Amino acid sequence: LDPEALAVQRRLEAIAAVEALCVDLSRIHFVGASDGMLGRLEASEVETLIERIAEILAGVQPDEIFLPCRRDASSEHNAAFLLVRNAIRRVGIKPRLYEFPIWSAWAPQRLFRPLLTSRRVWRYEFSGYEYLKHRALSLHRTQTAPTPPWTKAVLSPDFVSLFRSSEEFFF
């Protein structure tokens, strides 16, 4: 898949996963960023995304925001965190930010920095909802199933299994 086709597919997967989690689709907002490009945007593109995110935040006025961990071995995750943080500053709101580990779940040594710099580590138990998590994860087929021309999934089954637990940790 070329980047544009992949972005379209991932958007459809995100919508399907959110529906599987029984979340109202009106609560999903896409900002039109290219998949896999957040860490390599021009300054004007960064500004446009910050403005779009700021508009959403101003309308929603969230008390909490969940973001991928900074320095999680993904330029996309780092960039997403920075875009949202800059938009929060622009709007002037003060939601509680929770960072969730993704790649650092696979490489625990990457958890040292968040463990040492976070004010608190939050543990949430989602017992009885594992089937929903499993269903939502499985709907991200471009990551959990082979996507031509590749013969293996981007994310290994062992890696995906880390997110099927009944508990989650946030920094």
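Colleague: Where does Gln61 sit?

Modeller: Gln61 is placed in the loop between helix 2 and strand 1, with helices (H or I, at least four residues) and strands (E, at least two) being DSSP runs numbered from the N terminus. Before going on, this is a predicted model, in which local features need pLDDT of at least 70 and side-chain atom pairs count only at pLDDT 80 or more, while totals for chains, interfaces and linings use all residues. Residues are numbered from 1 along each chain as its sequence is written, and side-chain values use heavy atoms, with hydrogens and water left out.

Colleague: OK, and what is phi of Gln61 near?

Modeller: Phi of Gln61 is near 50 degrees, which is a positive value in a residue other than glycine. Gln61 also counts as partly exposed, because its relative accessibility is 45%; buried means under 20% relative accessible area and exposed over 50%, with partly exposed in between (1.4 Å probe, protein chains only).

Colleague: Which loop holds Cys22?

Modeller: Cys22 is in the loop between helix 1 (3–20) and helix 2, and although Cys22 is not a glycine, it has a positive phi of about 65 degrees.

Colleague: Buried or exposed, for Cys22 and for Cys69?

Modeller: Cys22 counts as exposed because its relative accessibility is 67%, whereas Cys69, at 1%, counts as buried.

Colleague: How many disulfides does the structure hold?

Modeller: The structure holds zero disulfides, taking a disulfide as a pair of cysteine sulfur atoms within 2.5 Å.

Colleague: Let's step back to the overall fold. How many helices and strands are there?

Modeller: The protein has eight helices and four strands, and from the N terminus on, these elements run α-α-β-α-β-α-α-β-α-α-α-β. The radius of gyration of the protein is 16 Å, close to the 16 Å that the globule rule gives for 171 residues, so the protein is as compact as a globular protein of that length; here the radius is taken over C-alpha atoms, and the rule is 2.2 Å times the number of residues to the power 0.38. Along its principal axes, the C-alpha trace spans about 45 × 40 × 35 Å, and buried residues make up 30% of the 171 residues.

Colleague: What about the second largest pocket, what volume does it have?

Modeller: The second largest pocket has a volume of about 510 Å³. Of the 15 residues that line this pocket, the closest to its centre are Arg96, Leu97, Ser118, Arg119 and Phe171. On a 1 Å grid over the protein atoms alone, a pocket is an open set of points where a 1.4 Å probe fits, with protein on both sides within 12 Å along at least five of seven lines, and lining residues have an atom within 4 Å of a point. Grid points are joined across faces, edges and corners, and the volume is the space filled by probe spheres set on the points.

Colleague: Which element gives the most to that lining?

Modeller: Strand 2 gives the most to the lining of the second largest pocket, with four residues. The lining residues divide into six nonpolar, two polar and seven charged, where Ala, Val, Leu, Ile, Met, Phe, Trp, Tyr, Cys and Pro count as nonpolar, Asp, Glu, Lys and Arg as charged, and the others, Gly among them, as polar.

Colleague: Where does Ser74 lie?

Modeller: Ser74 lies in the loop between strand 1 (64–68) and helix 3 (75–91), and a polar atom of its side chain is 3.2 Å from the backbone nitrogen of Glu76. Ser74 counts as buried, at 11% relative accessibility.

Colleague: Last one, what joins Pro148 and Pro149?

Modeller: A cis peptide bond joins Pro148 and Pro149, with omega of about 15 degrees, and Pro149 is found in the loop between helix 7 (141–144) and helix 8 (157–161).

Methods:
Polar contact = N/O pair within 3.5 Å; in protein donor to acceptor, adjacent residues only side chain to side chain.
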